[in-house]
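Visitor: I have a model open on my screen and would like to talk it through with someone. Could you be my guide?

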Amino acid sequence: MKPGGVALVVALVVTVGACGGGDDGSPTTPTNPPPVPTTDPDPLRNAAAVAGKWVGAAVQSSLLRNDATYAATFRKHFDYVTAEWEMKWDPLQREPGVFDFSGGDRIVRFAESSGMNVKGHALLWHQATPAWVEELSPPELRIAMEDHIRTVVQHYRGRVAVWDVVNEAIDDSNGGLRDTVFLRGLGPGYIAEAFRLARQADPDALLVYNDYGGEGLNQKSNAIYNLVRGLKESGVPIDGVGLQMHLSAAGYPPAGQIAANVARLADLGLLVNISEMDVQIRDLAGDAASRLQRQREVYREAVGVCAAQPRCDAVTFWGFTDAHSWIDEFFGEDDPLLFDEQYQAKPAFFGVEDAFLGR
Ligand code: G3I
């Protein structure tokens with residue numbers, strides 16, 4: 001079930017303090033709960049529910065297990081979870097035919113014990129494909145793709161509400177299809193094949209195409225639009241598009257362009273979700289307080305586009321605390337998320353809350 005047009009998943013979540021819970025993070029009797037942040041805002045999931053949206057974050061099972069404040073903060077504020085790493089091809093099937101679902105299962109069990117919905121990320125992505133796949137002949141690659149998608153989607157059938165079926169298939173420079181092992185081995189039809197395989201494996205999960213850099217109106221968003229329109233027109237079982245929304249407060253698409261892009265995707269009959277949002281601020285001028293305020297405005301503007309669009313069903317942040325963001329590893333020290341390193345809600349958190357509440 002999805003928020004908005006379909007019945008909203010309403011789950012009574014009893015926040016069991018800040019205890020870490022069992023191996024899968026499921027709540028147990030609180031013992032010595034870790035320090036709860038002093039600014040203890042209302043659950044963000046409540047504001048999102050007012051707008052009829054799911055609100056989520058990307059997480060890692062090791063942090064859910066080992067950091068009780070991380071787990072408690074995540075459980076309190078979010079009703080939607082994406083595995084940042086553990087449900088990709090490489091960790092799931094590092095060797096041919098040898099599946100390791102342990103990490104993904106921990107995240108799914110945590111979600112189920114916390115009244116959360118799950119997005120599977122991602123069935124096909126060139127950057128998380130194990131080396132052995134790159135060595136396959138085209139016929140072997142087709143068999144491996146079919147086997148991977150069927151095995152993974154069937155394993156999580158009924159427990160994963162949404163799948164990122166294909167991730168980042170559009171080339172940044174020319175709007176064509178990205179030169180990946182899948183395109184080289186299987187031709188452009190691999191995208192449709194992947195969606196059909198996922199649908200056969202789970203008739204009920206929502207199936208999504210996910211990409212970055214196509215949030216506003218530009219060559220890449222036009223290419224994404226044309227790709228998914230072609231899939232829809234060909235009867236391919238695609239339900240939605242994920243716009244990753246990795247932004248820099250120093251320069252990002254105007255909200256009006258994002259709204260127009262989302263609207264044209266919605267007009268195709270697709271759902272749209274913000275799938276991996278973070279807002280970099282290290283390149284902004286000004287003191288810390290002014291940069292955090294600017295970040296709040298960017299979050300409020302972008303999430304406000306989703307809040308105002310009935311066919312935008314969810315907002316997911318790529319992490320939720322500045323203590324754990326891929327941005328630091330890939331771009332250098334930054335503070336791109338809603339909570340600081342001490343799990344204190346930042347102005348950005350309240351910008352998102354304002355967006356959901358229409359303030
Ligand atoms: O934890 C494992 C370790 O056990 C293992 O031995 C080692 C082997 O390489 O990998 C470790 O996992 C790392 C993982 O992050 C968890 O920290 C991987 O090396 C590392 O490649 C992986 O990076 C992730 C990256 O995608 C590639 O999968 C980042 O955390 C994640 O934030 C990033 O997320 C992507 C989205 O999926 C797609 N959109 C862009 C976004 C940012 O690149």
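This is a predicted model: local features need pLDDT of at least 70, side-chain atom pairs count only at pLDDT 80 or more; totals for chains, interfaces and linings use all residues.

Visitor: Leaving aside its neighbours within four places in sequence, which residues is Asn261 in contact with?

Guide: Residues are numbered from 1 along each chain as its sequence is written, and side-chain values use heavy atoms, with hydrogens and water left out. Contact means heavy atoms within 4.5 Å. Setting aside neighbours within four places in sequence, the contacts of Asn261 are Gly214, Glu215, Gly216, Leu217, Ser221 and Leu243.

Visitor: Is Asn261 buried or exposed?

Guide: Asn261 is in helix 11 (residues 255-266); helices (H or I, at least four residues) and strands (E, at least two) are DSSP runs, numbered from the N terminus. Buried means under 20% relative accessible area, exposed over 50%, and partly exposed in between, using a 1.4 Å probe and protein chains only. Because its relative accessibility is 1%, Asn261 counts as buried.

Visitor: Which class does Arg109 fall into: buried, partly exposed or exposed?

Guide: Arg109 belongs to helix 5 (residues 102-113). Its C-alpha atom is separated by 9.1 Å from that of Arg159, 50 residues apart along the chain. Since the relative accessible area of Arg109 is 31%, this residue is partly exposed.

Visitor: How many of the 11 residues of helix 14 are buried?

Guide: The cover over the buried residues of helix 14 includes helix 1 (44-50), strand 1 (54-59), helix 3 (68-77), helix 12 (288-308) and strand 9 (312-317). Among those buried residues are Phe349, Glu353 and Phe356. Helix 14 (residues 347-357) is mostly covered, and the number buried is 8.

Visitor: What is the relative accessible area of Thr316?

Guide: Thr316 is part of strand 9. Leaving aside neighbours within four places in sequence, Thr316 has contacts including Gly56, Tyr80, Lys119 and Glu276. Thr316 is buried, because its relative accessible area is 1%.

Visitor: Which residue has a polar side-chain atom 2.6 Å from an oxygen atom of the ligand?

Guide: The residues surrounding the ligand include Gln60, Glu84, Trp125 and Trp326, where near means that a heavy atom of the residue lies within 4 Å. Trp85 has a polar side-chain atom 3.4 Å from a ligand oxygen, and a side-chain N or O atom of Gln244 is 3.2 Å from a ligand nitrogen. The residue at 2.6 Å from a ligand oxygen is Lys88.

Visitor: What share of the area that the ligand exposes when taken alone does the protein bury?

Guide: Accessible areas come from the Shrake-Rupley method with a 1.4 Å probe, and for residues only the protein chains shown count as cover. Taken alone, the ligand exposes 790 Å², and the share buried by the protein is 63%.

Visitor: How many aromatic pairs does the structure hold?

Guide: Rings of Phe, Tyr and Trp (its six-membered ring) pair if their centres lie within 6.5 Å; planes under 30 degrees apart count as stacked, over 60 as edge-to-face and the rest as tilted. One aromatic cluster has Tyr70, Phe110 and Phe339 among its members. The number of aromatic pairs in the structure is 19.

Visitor: And what percentage of the 359 residues in the protein is buried?

Guide: The protein has 14 helices and 9 strands. Its accessible surface comes to about 13,700 Å², with 52% belonging to carbon and sulfur atoms. Buried residues make up 57%.

How values were computed. A polar contact is a pair of N or O atoms within 3.5 Å; within protein, one must be able to donate a hydrogen and the other to accept it, and residues adjacent in sequence count only if both atoms are side-chain atoms.
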